[in-house]
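Biologist: Could you take me through this two-chain model by way of a few questions, with the cut-offs stated as we go?

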Amino acid sequence: MLGDLRKFAFRAKLHMEFILARHISLYAVVAFLAALLNAYIVIPSILDQIVTASMSGPPFGPVRPPTPFMGISLTLAHLIFSLVSVSIAASMAGELASTSLFHLSQPLRRSEYSVSWLLAIVWLPSLLMALSLFVPISAFDPRLVLRVSFQPIYLRLVEDILTFSMFCWAALTRRRGVVAFIGIFFILLLPYLSLVILGLISYVFLGGRNPPSLLLTVYEIIFPSTTSTLFLGSVGQLSLDPMRASVGTLIISVFAQLSYVLYFIRKFEVK
Amino acid sequence: MQNSPLMSLRRKRTSEDGEIIFYRKGHSIEKLAVIVSRNLRKRFGRIQALRGVTFSVSKGSATALLGPNGAGKTTTLKILLGLLKPDSGEVEVFGMDPWRKGDKIRGIVGVLHEKPVYPQWASVRQLIRYAARLRGLGEMDEERAIKLSGLERYAGARISSLSRGYLQRLGIALAILGDPELLLLDEPTANLDPAARMEILNLISVLKEELDVTVLISSHIIPELEMVCDSAIFINEGLVLDQGSLDELARKHNSRAVVVIRTRNPRKLASDLIGRDYVKSVEVSSESVKVEVMPGELPTLESEISRLGGKYGIERVESAAGRLQDLYWKVIGVAR
Ligand SMILES: Nc1ncnc2c1ncn2[C@@H]1O[C@H](COP(=O)(O)OP(=O)(O)OP(=O)(O)O)[C@@H](O)[C@H]1O
Ligand SMILES: [Mg+2]
């Protein structure tokens, strides 16, 4: 059992190294640039916070609400690492249509193969994103890490993990174009498009009242971070607290990832 | 082949887990069958590729998988590797179900695909190293595979830069990595120049003779198959028409075997041979004798020739041309 697990980890790691080998330096550069960008945006704002806090009260008083700058750097990191995730998913789609024949002719299980892609598409970009936010701050001064408000970062990560999990499914179409389309659609359009639709529903059918809370709840669960940033001033309108909604997001993510792996193990054929 | 790296080969007799890997069937014919397939069916959309494929491959044999284009050969091989899931039927390779235990099977089975696709960006050595590490093999094994397949000069080359023939050699290097127990070869000599063809065929023979590797080869080049194979499976439109050892099949289908013997004494040899009851006809020319033997009696003639070799100054025996070819037309031709 333990030996099996070891073998699993060993082979999944080998495969992951192999598929990432070609682009790993690119991803490292991207992560580094993202970190620099974040440092440039976030650190001055934290310093600013500390200065104002020290002028208006005791030096280590309660942590202040996040500054808008954190939001900007989060959004940037989100866009950058979503692109990374989409591009890895696109290479998976390309591989499924071609070199998967080579990989799956080796002593590599379909589970190992699909899990290593899952790690590369979902967890690697999420991890890099988190690091790009925290590393520059802690490099500047580790104590500052505690000054960052964690909730928006957490919500962003949770939302992105769900979105990236969808990219794994998209890759199963074996078409790069489909992955690219779904990627752009999920990152740039869907969060806002569905809001517009919600708005239209409430305007056309409900005479301007709030949309049904069920729809709103679904929206919140799928986009906890987008919700909390867009509804910043009017949390009262929300049917769920974003932190509560994020539990649903996590559950759906786990389900999406498990079902992707199961589908792959049971159904994926190298044609 | 005297100083070939093959000399250093030692077989791993058990799989990693130490379990017994050869499968014993109840039937007497299927003694130590490495592959057993019963009633395999596979459909791709509207095409029924396999409609009940039943065959077995016994340990240590070299079996030709023969059939016209679209017969289902590649599909069958992919099912044996666990790359495709059969719609119904049973299949066991080393006693394991390929779809569920594919990784174990692929650890001891070397494969060369009909249309292999490799990551273009990698170098030959990178790719072989990756495949070797997945099998828990080291650098020695990598080097040996590179050497045996004649890839030394291209070990550092990018795969995208390889010619088709060298791509084929890369496929062979990957297939023989780490002493496989079974080789599944889908058109192994495609794209090779004549010298490379012979090299690869020799390699297959040596692997079979010295290391007792079981080989299943799909190909359309019948004379080549005849050189290395001792059994055949005929498949057409997703059905196995017949299978067995070449001798058995030749007897069954009354198929003729012709051998051309180059000798310094053609007349004497001919008059000696014509009296044997297994010889059907003899044709004499200035330096050779063409002998047609009764179906299934080729081995008898072969042992006779080696006995008479010195006596009649026999220089060379040319292939038993046409036996498999003849069988092919008899078995597949009837079906068509
Ligand atoms: N991935 C696939 N999708 C759809 N049809 C397929 C697929 N693979 C094989 N087929 C069909 O299944 C049938 C058997 O194909 P297969 O490749 O097994 O034949 P084959 O015996 O290897 O032929 P060849 O000698 O031409 O290589 C053919 O009709 C083929 O078109
Ligand atoms: Mg084929």
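Biologist: In which sense do β11(B) and strand β12 of chain B pair, and over how many bridges?

Modeller: This is a predicted model, in which local features need pLDDT of at least 70 and side-chain atom pairs count only at pLDDT 80 or more, while totals for chains, interfaces and linings use all residues. Residues are numbered from 1 along each chain as its sequence is written, chains are lettered from A in the order in which they are written, and side-chain values use heavy atoms, with hydrogens and water left out. Strands (E, at least two residues) and helices (H or I, at least four) are DSSP runs numbered from the N terminus, and two strands pair if DSSP finds at least two bridges between them. In this pair V284(B) stands opposite V289(B) of β12(B), and β11(B) pairs with β12 (residues 288-293) in the antiparallel sense over 5 bridges.

Biologist: What is the strand order of the open sheet of 4 strands in chain B, and which strands stand at the edges?

Modeller: The pairing in this open sheet is antiparallel, and the order is β11-β12-β10-β13. β11 (279-284) and β13 (314-318) of chain B each have a single partner strand, so one side of each is left without a neighbour in the sheet, and the edge strands are β11 and β13.

Biologist: At what angle does helix α9 of chain B run to β11(B)?

Modeller: Axes are lines fitted to C-alpha atoms, for helices over the stretch in contact (heavy atoms within 4.5 Å), and angles run from 0 to 180 degrees between N-to-C directions. Helix α9 (residues 266-274) lies across β10 (257-263), β11, β12 and β13 of chain B, and its angle to β11(B) is about 165°.

Biologist: Which strand of chain B pairs with strand β3 in the parallel sense over 4 bridges?

Modeller: An open sheet of 6 strands in chain B, with mixed pairing, has the order β5-β6-β7-β3-β8-β9. The bridge partner of A64(B) is A232(B), and the strand that pairs with β3 (residues 62-66) in the parallel sense over 4 bridges is β8 (residues 231-236).

Biologist: How much area do chain B and chain A bury between them?

Modeller: Buried area is the accessible area (1.4 Å probe) that two parts lose on being put together, summed over both. The contact takes 31 residues from chain B and 28 residues from chain A, and W121(B), Y130(B) and L134(B) supply 28% of the area that chain B buries, more than any other three residues. Carbon and sulfur atoms carry 62% of the total, which is about 2700 Å².

Biologist: How many salt bridges are counted between chain B and chain A?

Modeller: A salt bridge is a side-chain nitrogen of Lys or Arg within 4 Å of a carboxyl oxygen of Asp or Glu. D103(B) forms one with R109(A), the closest N and O atoms being 3.2 Å apart, and E269(A) forms one with K42(B), with a closest N and O separation of 2.7 Å. E269(A) lies in the segment after α10 (242-267) of chain A and K42(B) in strand β1 of chain B, so this pair joins two chains. Between chain B and chain A the count is 3 salt bridges.
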